[in-house]
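Subject: Structure for you to look at

Hello,

Please find the structure below, with notes on what was found in it. Read the notes with the model open beside you.

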2 protein chains.
Amino acid sequence: MAGTNSTLNHLTPSKKNKKTPSIILIEPQLGVNIGMAARAMLNCNLTDLRLVSPRDGWPNDEAIAASADASIVIENTRVYQTTHDAIADLELVFATTARSRDMVKRTISPGAAISEVSSFVKTGGKAGVLFGRESKGLKNNDVALADAILSIPLNPSFSSLNLAQAVYTIGYEWISQKKKGINYKKDFIKKFQPANKQNLTQMLNHLEQELDKSGFLRNQEKRPSMLRNLQNMFVRAQLTEQEVRTFRGVIKALASSNKNYKKN
Amino acid sequence: MAGTNSTLNHLTPSKKNKKTPSIILIEPQLGVNIGMAARAMLNCNLTDLRLVSPRDGWPNDEAIAASADASIVIENTRVYQTTHDAIADLELVFATTARSRDMVKRTISPGAAISEVSSFVKTGGKAGVLFGRESKGLKNNDVALADAILSIPLNPSFSSLNLAQAVYTIGYEWISQKKKGINYKKDFIKKFQPANKQNLTQMLNHLEQELDKSGFLRNQEKRPSMLRNLQNMFVRAQLTEQEVRTFRGVIKALASSNKNYKKN
């Protein structure tokens with residue numbers, strides 16, 4: 001573990017790997033793809049990368065350069081002679097393949113696979129996902145070792161997915177499912193104080209008074225629907241407290257310039 | 001459209017772009033990232049790529065090389081001077097950003113964004129997703145043009161996602177949601193004839209007879225649970241008709257070799 005970036009030490013494999021799936025690249029050809037895969041893994045909180053007979057050996061300078069400082073992944077990458085060795089300690093293994101295989105094996109989506117992986121690792125199980133070489137994908141012998149086939153949905157006319165993109169698919173599903181609980185909209189509300197209804201009503205009353213003064217609402221028949229439309233517009237905008245104050249300033253400013261305009 | 005690969009002509013933009021979101025890269029720096037983004041787009045059935053002031057001009061040889069023959073995307077890529085020009089015809093625009101912005105704007109997940117995009121384009125609307133330059137992401141002025149912020153879930157300690165991976169996130173959500181209806185398991189059933197329960201029961205009876213002959217089930221107290229465990233194991237395996245025939249062959253073969261063994 002010499003040289004591990006100390007700023008990332010809360011991600012030490014000893015703590016993290018236990019409960020995250022392993023990524024196993026079988027006979028990867030290009031260092032740049034291994035590096036990009038490592039980067040994508042760390043982007044998504046995955047850290048256990050295993051290589052089976054990488055074509056250009058290991059360590060690989062191109063992989064390091066392409067990893068964009070995902071050193072915790074690169075430095076802890078383990079290299080194996082055979083797929084069997086690489087998955088020996090795993091209990092649930094998925095094989096990623098786009099081509100259909102004449103094998104009697106379940107084929108599931110990345111989302112369904114990661115959902116199974118999540119439940120599995122939560123109870124102490126060890127899981128991993130296999131990826132084949134860039135040019136040909138997984139060999140049938142490797143697919144046969146897996147519990148199920150993981151099939152990434154792709155355009156059938158253009159289904160050659162870059163290796164790092166395939167790895168990222170797994171990472172993205174992993175981190176998305178972990179973060180599913182997050183209510184993105186809540187963050188927005190926490191960060192900004194939304195205007196309460198009284199503030200909003202006062203602002204709308206202010207607007208109404210000024211519009212009345214300006215003669216904008218003089219058509220008594222249309223007046224109620226015009227006001228309702230304005231109200232709907234501002235309610236829909238989900239204004240913050242600060243924005244209500246700002247807009248009251250706008251009303252005031254416009255109204256006073258309007259007065260000046262009438263005077264001239 | 002000169003030079004468009006004729007094998008892909010069922011994907012001509014005139015037919016496809018109308019109902020798929022546009023991908024807008026603002027001031028992209030590296031040709032290789034543009035090319036990989038184009039490849040990822042076509043992997044996922046997206047074809048409308050727009051560039052705002054690409055650093056190295058357009059067309060770009062590195063982009064073409066990295067696109068892995070996604071020529072329909074590369075050849076129809078449009079270049080604009082400003083973000084405003086690039087999105088002028090769009091009605092729903094999301095800005096992809098990892099950094100939180102001090103803006104009062106909805107922030108949603110890629111899945112939620114693409115779900116909105118899908119409903120929107122289905123009724124004839126035009127939608128797009130903005131991506132900033134590699135080094136700094138989107139400028140605040142560009143984010144301000146968008147209807148909402150699209151935030152990709154990432155490891156907060158390592159959140160610098162490669163541009164092509166970010167684009168692929170959108171493509172992956174797009175094609176995954178389009179293919180949601182597909183029952184992966186059904187394909188498996190269609191392809192192989194599963195054994196019916198009668199076949200399975202006959203196989204299990206055959207096994208039971210041979211195990212009785214061998215003395216394996218002689219413990220009368222444990223006999224029922226042993227048989228139930230065996231049954232569960234084979235039911236769980238979801239055997240095909242062919243596999244049942246094969247396994248009956250196995251039972252027969254083992255039983256007859258067992259007889260030979262006893263004879264000797």
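P59(B) sits in the loop between strand 2 and helix 3 (61–66) of chain B. Helices (H or I, at least four residues) and strands (E, at least two) are DSSP runs, numbered from the N terminus. The bond that joins W58(B) to P59(B) is a cis peptide bond, with omega about 0°.

Before going on, note that this is a predicted model, in which local features need pLDDT of at least 70, side-chain atom pairs count only at pLDDT 80 or more, and totals for chains, interfaces and linings use all residues. Residues are numbered from 1 along each chain as its sequence is written, chains are lettered from A and ligands numbered from 1 in the order in which they are written, and side-chain values use heavy atoms, with hydrogens and water left out.

Chain A has a cis peptide bond from W58(A) to P59(A), with omega near 0°. P59(A) lies in the loop between strand 2 (49–52) and helix 3 (61–66) of chain A. The loop between helix 3 and helix 4 (71–75) of chain A holds D69(A). The phi of D69(A) is near 70°, which is positive, and the residue is not a glycine. Why mention such spots? Most residues other than glycine have a negative phi, and most peptide bonds are trans.

**The sheets**

In chain B, 7 strands make an open sheet with parallel pairing, in the order 3-2-1-6-4-7-5. Its edge strands are strand 3 (78–80) and strand 5 of chain B, each pairing on one side only. Two strands count as paired if DSSP finds at least two bridges between them. Strand 1 (residues 22–26) and strand 2 (residues 49–52) of chain B are a parallel pair with 4 bridges. I23(B) is opposite L49(B), which belongs to strand 2 of chain B.

In chain A, an open sheet of 7 strands has the order 3-2-1-6-4-7-5, and the pairing is parallel. Strand 3 (78–80) and strand 5 (107–108) are the edge strands of chain A, and each pairs on one side only. Strands 2 and 3 of chain A pair in the parallel sense over 3 bridges. Across from V52(A) is Y80(A), in strand 3 of chain A.

**Where the chains meet**

How many residues does each chain give to the contact? Chain A gives 54 residues and chain B gives 54 residues, where contact means heavy atoms within 4.5 Å. Chain B and chain A bury about 4,200 Å² between them, 58% of it on carbon and sulfur atoms. Buried area is the accessible area (1.4 Å probe) that two parts lose on being put together, summed over both.

The rule finds 20 residue pairs in polar contact across the interface (both at pLDDT 80 or more). A polar contact is a pair of N or O atoms within 3.5 Å; within protein, one must be able to donate a hydrogen and the other to accept it, and residues adjacent in sequence count only if both atoms are side-chain atoms. Helix 8 of chain B gives the most to the side of chain B that touches chain A, with 8 residues.

**How the copies are related**

Chain B superposes on chain A by a rotation of 179° with 0.0 Å of shift along its axis (RMSD 0.4 Å). In chain B, the C-alpha of Q165(B) is nearest the axis, 3.1 Å from it.

Regards

Methods. Least-squares fit on C-alpha atoms with pLDDT ≥ 70 in both.
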